[in-house]
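Please keep the viewer open as you read.

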Amino acid sequence: MDEVKDLPERSRRVAEALSALGMDGRVRELPASTRTAAEAAEALGCEVGAIANSLVFMADGKPLLVMTSGRHRVDVALLAERLGKAKIRRARPEEVREATGQAIGGVAPVGHPAPVETVVDPALADYPRLWAAGGTPNTIFPTDHAELVRVTGGAEVPVN
Ligand code: 5CA
């Protein structure tokens, strides 16, 4: 069993954030890549829809974290309309790092240097157990929809 001290630095931060937020899930490091939802589902033996992707966008110049089911693609035009934003675009890798302290493929819902406005895909409620990235491309932790909404303060808005 992985101890927090054995995790990579970026995941240790996430593990600490989980504890501070009263979350029970433990961050684990897998031997296989969990960089994408498909790879994570394969490594875990779960449905791709039960992977909670943490996608970073720039919405009118500010970072926006969108927690989506791995079975969904975000429709940025529709999401902008629903959130009352003029424009939403995919964040560049350096913008992702700045907003989250993490790299694409390992972005976690928590453990960021400062709070990031968050949207949670209601489709995530279809799965009793979700897996989200734990700060690096081969770390993950278990959670669920209600917990994600609680800890991110996210707005439940359909993403497509
Ligand atoms: N570790 C998994 C979930 S456990 C994970 O992080 N999945 S993810 O979907 O949240 O992150 C990978 C996603 O990052 C890719 O599906 C893709 O949508 C996005 N991505 C990949 N390359 C870039 C890039 N250059 N700029 C912005 N986003 C990218």
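## Ground rules

This is a predicted model, in which local features need pLDDT of at least 70 and side-chain atom pairs count only at pLDDT 80 or more, while totals for chains, interfaces and linings use all residues. Residues are numbered from 1 along each chain as its sequence is written, and side-chain values use heavy atoms, with hydrogens and water left out.

## The fold as a whole

The protein chain has five helices and eight strands; helices (H or I, at least four residues) and strands (E, at least two) are DSSP runs, numbered from the N terminus. Read from the N terminus, the order of elements is α-β-α-β-β-α-β-α-β-β-β-α-β.

The C-alpha trace spans about 45 × 30 × 25 Å along its principal axes. A compact globule of 160 residues would have a radius of gyration near 15 Å, and the protein chain agrees with its 14 Å. That radius is taken over C-alpha atoms, and the globule rule is 2.2 Å times the number of residues to the power 0.38.

Of the 160 residues, 49% are buried. Here buried means under 20% relative accessible area, exposed over 50%, and partly exposed in between (1.4 Å probe, protein chains only). Among contacts (heavy atoms within 4.5 Å) with a separation of 6 or more, 63% join residues 24 or more positions apart.

## Two nonpolar cores

A nonpolar core is a set of buried Ala, Val, Leu, Ile, Met, Phe, Trp, Tyr and Cys residues joined through side-chain atoms within 4.5 Å. The largest one holds 28 residues, and Val-14, Leu-18, Val-27, Met-67, Leu-124 and Phe-141 touch the most other members. Two or more residues each come from α1 (9-20), β2 (51-59), β3 (62-69), β6 (130-133) and α5 (145-152). The top contributor is α1, with four residues.

Leu-18 touches Met-23, Gly-25, Val-27, Val-110 and Phe-141, leaving out residues up to four places away in sequence. A second, separate core has 11 residues, including Phe-57, Val-66, Val-74 and Val-119.

Ser-11 also sits in helix α1, and it counts as buried because its relative accessibility is 0%. Beyond its neighbours within four places in sequence, Ser-11 contacts Val-27, Gly-134, Gly-135, Thr-136 and Thr-139.

## Helix α5 and its cap

Why is α5 largely enclosed by the rest of the structure? Six of its eight residues are buried, so the rest of the structure largely encloses α5. The buried ones are His-145, Glu-147, Leu-148, Val-149, Val-151 and Thr-152. Their cover includes β2, β3, β5 (117-120), β6, β7 (139-143) and β8 (155-156).

Asp-144 lies in the loop between β7 and α5 and is partly exposed, at 32% relative accessibility. This residue caps the N-terminal end of α5, with a side-chain oxygen 3.3 Å from the backbone nitrogen of Ala-146. A polar atom of the Asp-144 side chain also lies 2.8 Å from the backbone nitrogen of Glu-147. Not counting residues up to four places away in sequence, Asp-144 touches Pro-128 and Leu-130. Just after α5, Gly-153 takes a positive phi of about 65°.

## The ligand site

Around the ligand there are 15 residues, and the closest are Thr-34, Asn-53, Ser-54, Arg-90 and Gly-105; a residue belongs to this set if one of its heavy atoms lies within 4 Å of the ligand. The table gives some of the atom pairs.

| Residue and atom | Ligand atom | Distance |
|---|---|---|
| Ser-54, backbone N or O | oxygen | 3.1 Å |
| Arg-90, polar side-chain atom | oxygen | 2.8 Å |
| Gly-105, polar backbone atom | nitrogen | 2.9 Å |

On its own the ligand has 620 Å² of accessible area, and the protein covers 74% of it. Accessible areas come from the Shrake-Rupley method with a 1.4 Å probe; for residues, only the protein chains shown count as cover.

His-72 is in the loop between β3 and α3 (76-83). Its side chain makes a polar contact with the side chain of Asp-121 at 2.8 Å. A polar contact is a pair of N or O atoms within 3.5 Å; within protein, one must be able to donate a hydrogen and the other to accept it, and residues adjacent in sequence count only if both atoms are side-chain atoms.

Glu-98, in helix α4 (residues 93-100), is exposed, with a relative accessible area of 66%.
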